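Colleague: I am new to this structure and would like a guided look at it. Could you show it to me first?

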Amino acid sequence: MKLHFFKIYLRFLLKNKVFTLINVLGLAIGIVSFLILIKYVSYQTNYDRFFVDHNQIYRINTHVSKNQQVINETATSFSALAPTLRTETVGVEATTQISYEKCLMDYREKEFKINDLNILWTDNSFFEVFNLNLIQGDKEEVLLRPFTTVISKATSKLYFKNENPIGKIINLNGDDYPLEVTGIFEDIPENSHIKCDFLVSKATGISKGWDSKNGNWNGPGAYNRTYVKLKKEANISVFQDRLSALLKQRYKSKNPEISVRLSLMPIKDIHLKTYFKNEIKRPIGVSIERLYFLSIIAIIIMIVAWVNFINLTIGKTMTRTLEIGIKKTLGAVKSSLIRNFLLESIFMSVLAFIVAVLILVLATLFIFQVPELSFMKDIWTSGVFWFQIVSVMLLGAVFAGVYPAFSLSKLSPTKALKGIVLQQNLYIKKSLIVFQFIAAIGLILGTFTIYDQLTHMKDKKLGFNASNKLIIRAPKSMNSHKLAFSNIHAFKNTVLELPEVENVSASRSIPGQQVRYTSPYFKRLGQNAKTESESDYQIAVIDDTFFDTYSISLLAGKNFTSNYENHKTDIIINETAIKLLGFTSAEEAINQNIIGPKNIQYTIIGVIKDYHQQGLKAKLHPTIYRYYLKYNYIHGHYSIAVNMEATEKLIPAVKDIWNTIYPNDTFEYFFMDDYYNKQYALENNFMRLFFTASFIAILICCMGLYGLSAHTLLQRKKETAIRKIVGASVKDIFILLVKEYAYLILIALFISLPISYSILESWLSNYTYRVNVSPLLILVSVIILVSVVLLTIFKNTWALAKRNPSESVKV
Amino acid sequence: MLLQLNNIFKWVNSGGQRIFLLKDINLSVQEGEFISIMGPSGSGKSTLLNVIGMLDNFDEGEYHFLNESVHTLKEKHRANLYKEYIGFVFQSYHLLDELTVKENLEMPLLYKKYKSSERKAMVADMLDRFNIVGKKDLFPAQLSGGQQQLVGVARALIAIPKLILADEPTGNLNSKQSEEIMELFKKLNKEGVTIIQVTHSEKNAAYGSRIINLLDGRKTS
């Protein structure tokens, strides 16, 4: 474009500041929102694809059935599976085993420790399956000796700065596990399910006696995960058959009702498709379905932004006929005009692009630091990202440029010189607006409905009291420590002396957590278990104060007493378990005996009312509560019930007590109500996203509408002037003009409501405790849209209706 | 001979009837002539001017401009022809609001293959000749009507056309400004530029060497 033409355009843009601003800003906001969403989707769908040969790597899952009914599906498998597979040659290139734990890692030399780091227990076969480079150390030698570890590059930086970490000692969970660093591996990206900080040798566990080299065929357990890398040419179904045959040969079920099946899952599918228990990294808030949702929203926003850009650009360009006429009489040919229009619209998109990049720069500096948005960090070096942003920009430019370019350039100069404002193709314009309305209604209704569902879940009676509960995580260094048990009593008793504390409880899991231990092997003494509702029983480990601390009510029988020695085989169960075991009432169950795993006989001493351990997204599970016993106790949390609102005021006092009893452990606390509501993080995020998306879409729609109503003013001023001259009042004209939009809204409603209704209903059907799409909310959404539309068009429309006819009729 | 129109017809169809805008127009124009087209509203003056300027098509007849047969040319060639030889002056000036006087003058040159230095020289020359050097950086909105039309005429002349077509060039001006523009036309004509103007005013018509009267699309004299 010659500088001259560019100047004309630039001055035109400056003269029409509002137009330029809303056009550029609308498109920029659209581009940014679109790209963030798409980037998020691709981050999620690319999970574990970082490993070059991810197509060959599978994890073996275990499915346990009782009487042909599946009762347990887990990501773990027999500990003997990997050692056995290693000797099999059919199609297997490599096999490895992984156990996972979160640990306190203490570099005592520099007194530097971090809690909850991700630890994988494995051996050097890990590197045969997962093709990770070692920056230091030898793949053949690392992770073979007991008490050795290989650390990630990031961890090395964190702990050792510029020191050479090789040979240094890091203590895992206290005194018993001093680990020697023998290598550094390159960082695994965030979007991998085996993202970890430390690899610790399996030999460590073997030397401590809680792990074994060859494993056993007892059951899948909760710890041991098996991964295989098949040979490139291997046939997966052949391998699957071989696996089943192997299992048949080795695994002998102790209970004829129980059967086990193994399945293979490609690692790239784990993140999005897993429904298994005991995942290393439980995907929170993602599912393929939701990613579809997000992609659709992303596309809707982008289209709305484009539509807006196109509508505005076309509308505004149509007012430039005189300029075209002049250019034509001065000798401009069609091709040069077309080129001009296209370049102008590209220029406009480039402006939007620059604004979008500016927004992204600011966002990188201030917003993308949030962990939830960390997936945006690498955009500046991502080729795909830049390809996307440029193509989005150019596509918009071409869409917006082509129509005016071709319709205006073919205009005859004599017509153009009359300076008429061209009528656009009304069909196109109107369907574009209708599309925007459809999107707006859907997004508004979506926001409301998700909000409705969320409040429904938050407000529902949970069956326990979540407020004013201070939770402290158990001391890591006390795992299998000889003082573990007496320290719990010491801590509980000291904390209880604080006047604000009403109750203290130590338990394995707390409300809001999945109870990790489950077993199908429970039935009433002398009876077969009911077959139609087979299920795993959750086994929760608590103490005598747990129910009081959480105000969970006892329906019948009694609670545990402080003397745990009396409760070795006593259990308390919940209502759901009562029904499953075939009792007709809570009273009936008291003092009855049931048979558990390993044929141990238990006595039911109490029945509690059901409460929502896992939030309202999950069903109620049959649960068996046991008093913790010395030998099998793994401590999870302290729960402290406080009798005042400002629970956080108590923290310093509790921390002092903690530091005297647990000098080697970090004090980490949180509040039950926050924690419990985090289960709804997905819904919260989704709602925020929906809200933001609808807000952006509506904002862009409004911008477009405003520009358009200004354009209508130009197109219809003659018509309205004549109507007024023949007697129409201001009101008549106003209604006439508004009616046009009313029709469009009506059409949009007819299309949008059924679609959004059915989409939202199907989304809600995923919830056990759900609301329905409420007619009231539909009405409110419609009212919101109508008022926003009216407000937007009011200024221009009213101005047109009020206009003095003599100003217009000359034209 | 600069141009010749033979039996030109132009019509529109309206309600099954053919309405003639131009009917059997024959006209030949020699180089150096100054012609005024007159007639009442709707008689086809502007249409004739647009046909001569090749801005508008006609339905029947032949049009020869220099040695080209315009009626056989495609749009692109016609555009090349008129941008080479014809300059236009309009009643409402039709300057581009977004450009300064200087930039407006430069516009026609951009559609031809002039080098930047040549363009600058030609614009400077024209500003000088019309005595508007002091106004070169002003925008049209900052000028009076007479001054705008002066720029309009300068723009029409800058590419050194053989023919100037002016559609009511003084229609929006007061009598003094009108007189100045007409004097300018007279001077240009003496310098050898052929001019065809559409006008309502007998006085303006008198500046020309020949008057063509139109009535209902027909030439009456």
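Modeller: Please keep in mind that this is a predicted model. Chain B carries 27 positive and 26 negative side chains, and the centres of these two sets lie 2 Å apart.

Colleague: How far apart are the mean positions of the positive and negative charges in chain A?

Modeller: In chain A, the mean positions of the 90 positive and 64 negative charges are 13 Å apart.

Colleague: Staying with chain B, how many helices and strands does it have?

Modeller: Chain B has 7 helices and 10 strands. Its radius of gyration is 18 Å, close to the 17 Å that the globule rule gives for 221 residues, so chain B is as compact as a globular protein of that length. Along the principal axes, its C-alpha atoms fill a box of roughly 55 × 40 × 35 Å.

Colleague: What percentage of the residues of chain B count as buried?

Modeller: The share is 52% of its 221 residues. The accessible surface of chain B comes to about 10,100 Å², and 46% of that belongs to carbon and sulfur atoms. As for contacts in chain B with a separation of 6 or more, residues 24 or more positions apart account for 72% of them.

Colleague: And what are the figures for chain A?

Modeller: Chain A comes to 25 helices and 23 strands, and its C-alpha trace spans about 100 × 60 × 55 Å along the principal axes. Of its 811 residues, 55% count as buried. Chain A exposes about 35,600 Å², with carbon and sulfur atoms supplying 60% of it. Among its contacts between residues at least 6 apart in sequence, 80% join residues at least 24 apart.

Colleague: Why would residues three or four places apart in an α-helix point the same way?

Modeller: An α-helix has 3.6 residues a turn, so residues at that spacing point the same way.

Colleague: What is exposed on the other side of α19(A), and what covers its buried residues?

Modeller: Pro652(A), Asp656(A) and Thr660(A) are exposed on the other side. The cover over the buried residues of α19(A) includes β12 (469–473), α15 (484–496), β22 (637–642) and β23 of chain A.

Colleague: Which residue can you show me in β23 of chain A?

Modeller: Phe671(A) is in that strand, which runs over residues 669–671. At 17% relative accessibility, Phe671(A) counts as buried, since the cut-off for buried is under 20%. Leaving aside neighbours within four places in sequence, Phe671(A) is in contact with Lys469(A), Leu470(A), Thr647(A), Glu648(A) and Ile651(A). Ile651(A) is also one of the buried residues of α19(A).

Colleague: How far is Phe671(A) from Leu764(A)?

Modeller: Their C-alpha atoms are separated by 29 Å, and the two residues are 93 residues apart along the chain.

Colleague: Now a change of topic: where is Ser409(A), and is it buried or exposed?

Modeller: Ser409(A) is in helix α12 (residues 383–409) of chain A. Ser409(A) counts as buried, at 0% relative accessibility. Apart from neighbours within four places in sequence, Ser409(A) is in contact with Lys328(A), Lys334(A), Leu337(A), Ile338(A) and Pro404(A). From Ser409(A) to Phe341(A) is 68 residues in sequence and 8.9 Å in space, C-alpha to C-alpha.

Colleague: What about helix α22 of chain A; which of its residues are buried?

Modeller: In α22 (residues 717–725), Lys717(A), Thr720(A), Ala721(A) and Lys724(A) are buried. Seen down the axis of α22(A), they fall within an arc of 105°, so they line one face of the helix. Gly727(A) follows α22(A) and has a positive phi, near 120°.

Colleague: Which residues of chain B have a positive phi although they are not glycine?

Modeller: Among them are Leu66(B), with a phi of about 50°, and Ile160(B), with a phi of about 55°. Leu66(B) is in the loop between β4 (60–65) and β5 (68–69) of chain B, whereas Ile160(B) is in the loop between α5 (145–158) and β7 (163–167) of that chain.

Colleague: And how exposed are Leu66(B) and Ile160(B)?

Modeller: Leu66(B) is partly exposed, with a relative accessible area of 26%, while Ile160(B) is exposed, at 64%.

Technical notes: Residues are numbered from 1 along each chain as its sequence is written. Chains are lettered from A and ligands numbered from 1 in the order in which they are written. This is a predicted model: local features need pLDDT of at least 70, side-chain atom pairs count only at pLDDT 80 or more; totals for chains, interfaces and linings use all residues. Side-chain values use heavy atoms; hydrogens and water are left out. Helices (H or I, at least four residues) and strands (E, at least two) are DSSP runs, numbered from the N terminus. The radius of gyration is taken over C-alpha atoms; the globule rule is 2.2 Å times the number of residues to the power 0.38. Buried means under 20% relative accessible area, exposed over 50%, partly exposed in between (1.4 Å probe, protein chains only). Contact means heavy atoms within 4.5 Å. Accessible areas come from the Shrake-Rupley method with a 1.4 Å probe; for residues, only the protein chains shown count as cover. Lys and Arg count as positive and Asp and Glu as negative; His and the chain ends are not counted. The place of a charge is taken as NZ of Lys, CZ of Arg, CG of Asp or CD of Glu. The arc is that of the directions from the helix axis to the C-beta atoms.
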